[in-house]
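The structure is shown first.

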Amino acid sequence: MHLLTGLVIVIMAAALARAIAPGRPILTALGGGIAAAALLAAFHQDLAGTDFWAGTIGFLAILTALIVVIHPNPMVSVLSLIMNLLCLALFYLLLQAQTLAILQVIVYAGAIMVLFVFVIMLLNLKAEEGLRIGRGVQRWGAILGGFAFAALLLWALRHRQGHAWMEPGRHAGEFGTAASLGGLLFGQYVFATEAASVLLIAAMVGAVLLAKRRLD
Amino acid sequence: MRIDFFLVMAALLFTIGCVGVLVRRNIIVMLMCIEIMLNAVNLTFIAFSHELQSMTGQVFALFVITVAACEAAVGLAIVLALYRRRRTTDADDASLLRW
Amino acid sequence: MIHILWVVPLLPFAGFAVNGLLGARVLPRKVVGWIACAAVLASFVIALGAVSGLGHLPESTPPGLVVDHEAHRVTQTLYEWIPLGPGKDGHTVSVAWSYVLDPLSAVMLLVVTGVGLLIHLYSIGYMEHEDRAGFARFFAYLNLFMGMMLVLVLGGSLPVLFVGWEGVGLCSYLLIGFWYDRMFDAKAGMSVADAGRKAFLVNRIGDTGFILGTLLLLSALGTMEIQGILKGVPGLSAGMATAAALLLFVGVCGKSAQIPLYVWLPDAMAGPTPVSALIHAATMVTAGVYVLARLAGLYVASPVAMTVVAVTGGLTALVAATLGVAQTDIKKVLAYSTVSQLGYMVLAAGVGAFGASVFHLMTHAFFKALLFLGAGSVIHALSGEQDIMKMGGLRRRLPWTHATFLIGTLALAGVPPLAGFFSKDEILWSALTGRGGNLVLWLAGVLTAGLTAFYMTRLYMLTFAGPSRLTHEAEHHLHESPMVMLLPLILLAIGSAFAGLVGVPHFLGGDAVPNLFEHWLEPVMPAVTGVATHGAAGAGEAAAPLSEWAAMIVALLASAAGIALGYTMYRNGPLPERPSLGVRLVRGRYFVDEAYDRLIVGPYRFLCRLGAALDARVVDGLVNAVGFVTDLTGEMLRLTQTGYVRNYALGFFGGTILILYYVLR
């Protein structure tokens, strides 16, 4: 049953990749491969209902990330990134970070990404020809480095004794609520909060100045 | 399923984001890849906060979102200014330091 | 005057300084010449005074002097020159700058200053055609030479002697190469500068041996003072004594032109004739013989060394005499004659007759200098011609030169009662009966005497007698030399004639005519004087195959035969060309120079080229390689500076991976 589901999902992923990046068999295969890997990782962990959905969402997250990186059309990249952010928000939900999940959707996906969309439309960026991924050393160095990096990170986790997720009765009721978040923000970390607001103002001023048409 | 799943996920996302920054030439897409990286970090924070039962992780994640917002804003403003000057969004065209 | 002994070498140095600095531009020609001669004259006078004072040394010791009454020796120490540090027995060893005056050095002193004075005088006339700068340079060098030679003669320890040794070698080089821009032997491609270099380098080889011998003695005896060495000789092992003696003898061979280091002397004739007379006849080349006589005690202690010395001397004498027979340059004949006579002196030393050796040194100085100066007079008269084939019949045209030259020739040939006879006779007798003396050496000596008489007669006949073969040019300019050149000739002729009478051997003179020379030297060489003393070489004397009279007669017959043969063969000029193998061999000087060139100089030049190539390729290559590597590294590092931000980001990424790896390990 699970295997079947998994296979279906893999085929869907491949089709999706194919559709989004036509004429790129390698990329399609790559996308499908990573999706399969993600899924296997998910399946390995004794699939329960939540686990399955967590796995799917994870797969989607990685897929959309890949699309962001690979697709020539920046618009598609932006939309894919938005999808990615939504997947992450779902993750946050699963991890008892409700406030943050909502904030992610509102602020990140809702404001920042909208900004990106505006800029792309303003600059009227079209799909790049030939993807121009960059010359030899850069490209292969980056890809190899990426594999090495991923391997390193995963290797760092080798000695972990991870807690099981979602043990019943594990979490206090107040965990992840806005109240507790706010309490920390304005309690223990008030300085950081104020600093963040200063940062925001600075960013605003900076953005306005930088994007001005002409200083006359 | 263990928390490690999320950590693995975050690691993979971070790597993808890194590779994306290095591989793409369009500045805006590079910025987006940076966002991916920031999100991966957020995921790590929240996963650990869940494991350690500490809200600090989520606070941190909030700050990360804040900073990401600022950085995206300023970064895009720079992109706009650059575009006005040179009519290009190719990172390799900003190579005045090259002889 | 003994207490101003130290002034004697100093005066010629002063002359050198004055003439060298001021002579070229400031002082007029006459003044330069007189300054030089005055310096030597003053040295001569002081030397005379000092030597006469040796006879009656004061009982009380004047400050700064050390008097040895028994040996009639005065040592004047000026200052501590080289402090060497603790010696074997804990005392500090140091080398002092000291002069020693004893009968032996007195002989040398007077010969050097006396003959030197005459030659300085002569040079004023001979060098008159030189430009002012050259004139001054010549006399400056001559004075420098005199000063160095005096340091050598008076030196109380081997290092001081060596300073003089090296100094005369240097002056020899400077003076041989005086006309440095001329070609000496166009046929062989040898320039005057080459000749000077050759002399210096061959001497250097000898000097190496000298230094090694000195150091060997230092390590064995802890001292380099000559008297200290002689005192310490009984304590040396036979091997050590032999080694030191032989090493020092290498130096003697170099300086006194013995086989195998004689090759520089004939080519030294490239220098002006007064130089040949002074340096290569009377003084410098005798320095080696002087050293042998000085260190007589050391040599006597090593029979092996004595044999080597004697054989070398005898061989040199004979071989050089054969070479003198076929020369056509008037000076080259005399040069080979010098080598041959030096061989006699060395031979005498080798059989223990050190006194005879020094006696011959003295008489040889007189007549050889005379002969050279006479040859110079002839050359001067003929405006530079030196080939005897182009001379002849000068007897009537140059009367004074002719007369003095004849006296010199007869003296060299050993005709009694001229000087050469007595000294040569003594040497031949000791070759027969001295330590290690034997019939073979004696025969070699007799043969040499005959050859000497022959080639000198030949030289005389071809130059002065017979029909004239002069070119018209030379005929035209022919003139007798000025008085300033003739006076030395006359004085030297007198010396050549009568100087021998101070050393009449006992068997000839009996008690009526004492052997003054031997008596004079007796304090210094008590056990090793010439064979005329009873007892010392008594063993040899008793077993002599001939009596002294018989030996003398045989030698006289040899000389007479030589003269007669020379007279008859060359009465009518040179012989027709008949290049047989023997003649060609002798004319080519046995091809010794060529052999040296092939065997020694050639490989050395090869090594030099190798060294040069090594320097250019390897050493320079290494240095260049460093630069090249730096260049290359720069080129490679440059590739990281692309100007593209993404490449830099890749660099960050790589670094992060590395750091992460190391942190996680």
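In which loop of chain C does P260(C) lie? P260(C) is in the loop between helix 8 (238-255) and helix 9 (264-267) of chain C. Helices here are DSSP runs of H or I with at least four residues, numbered from the N terminus. A cis peptide bond, with omega of about 0 degrees, joins I259(C) to P260(C).

The model is predicted: local features need pLDDT of at least 70, side-chain atom pairs count only at pLDDT 80 or more, and totals for chains, interfaces and linings use all residues. Residues are numbered from 1 along each chain as its sequence is written, chains are lettered from A and ligands numbered from 1 in the order in which they are written, and side-chain values use heavy atoms, with hydrogens and water left out.

**Positive phi values**

Q96(A) has a phi near 60 degrees, positive in a residue other than glycine. Q96(A) sits in the loop between helix 4 (74-94) and helix 5 (98-123) of chain A. In chain B, the phi of Q53(B) is also positive, near 55 degrees, and Q53(B) is in the loop between helix 2 (27-52) and helix 3 (56-86). Most residues other than glycine have a negative phi, and most peptide bonds are trans.

**Interfaces of chain B**

Contact means heavy atoms within 4.5 Å. Buried area is the accessible area (1.4 Å probe) that two parts lose on being put together, summed over both.

| Interface | Residues in contact | Buried area | Share on carbon and sulfur atoms |
|---|---|---|---|
| Chain B and chain A | 68 residues of chain B, 82 residues of chain A | about 7,000 Å² | 75% |
| Chain B and chain C | 14 residues of chain B, 10 residues of chain C | about 1,000 Å² | 63% |

The salt bridge count (a side-chain nitrogen of Lys or Arg within 4 Å of a carboxyl oxygen of Asp or Glu) is zero between chain B and chain A. Between chain B and chain C the count is zero as well.

The axes of helix 6 (residues 136-156) of chain A and helix 27 (residues 645-664) of chain C come within 10 Å and cross at roughly 25 degrees. Angles under 35 degrees count as roughly parallel, and helix 6 of chain A and helix 27 of chain C are therefore roughly parallel to each other. Residues in this contact include G141(A), G145(A), F149(A) and W155(A) from helix 6 of chain A, and L650(C), F653(C) and Y661(C) from helix 27 of chain C. By class, the contact has 14 nonpolar, six polar and one charged residues, where Ala, Val, Leu, Ile, Met, Phe, Trp, Tyr, Cys and Pro count as nonpolar, Asp, Glu, Lys and Arg as charged, and the others, Gly among them, as polar.

Methods. Axes are lines fitted to C-alpha atoms, for helices over the stretch in contact, and angles run from 0 to 180 degrees between N-to-C directions. Helices (H or I, at least four residues) and strands (E, at least two) are DSSP runs, numbered from the N terminus. Angles under 35 degrees count as roughly parallel, over 145 as roughly antiparallel, 65 to 115 as roughly perpendicular and the rest as oblique.
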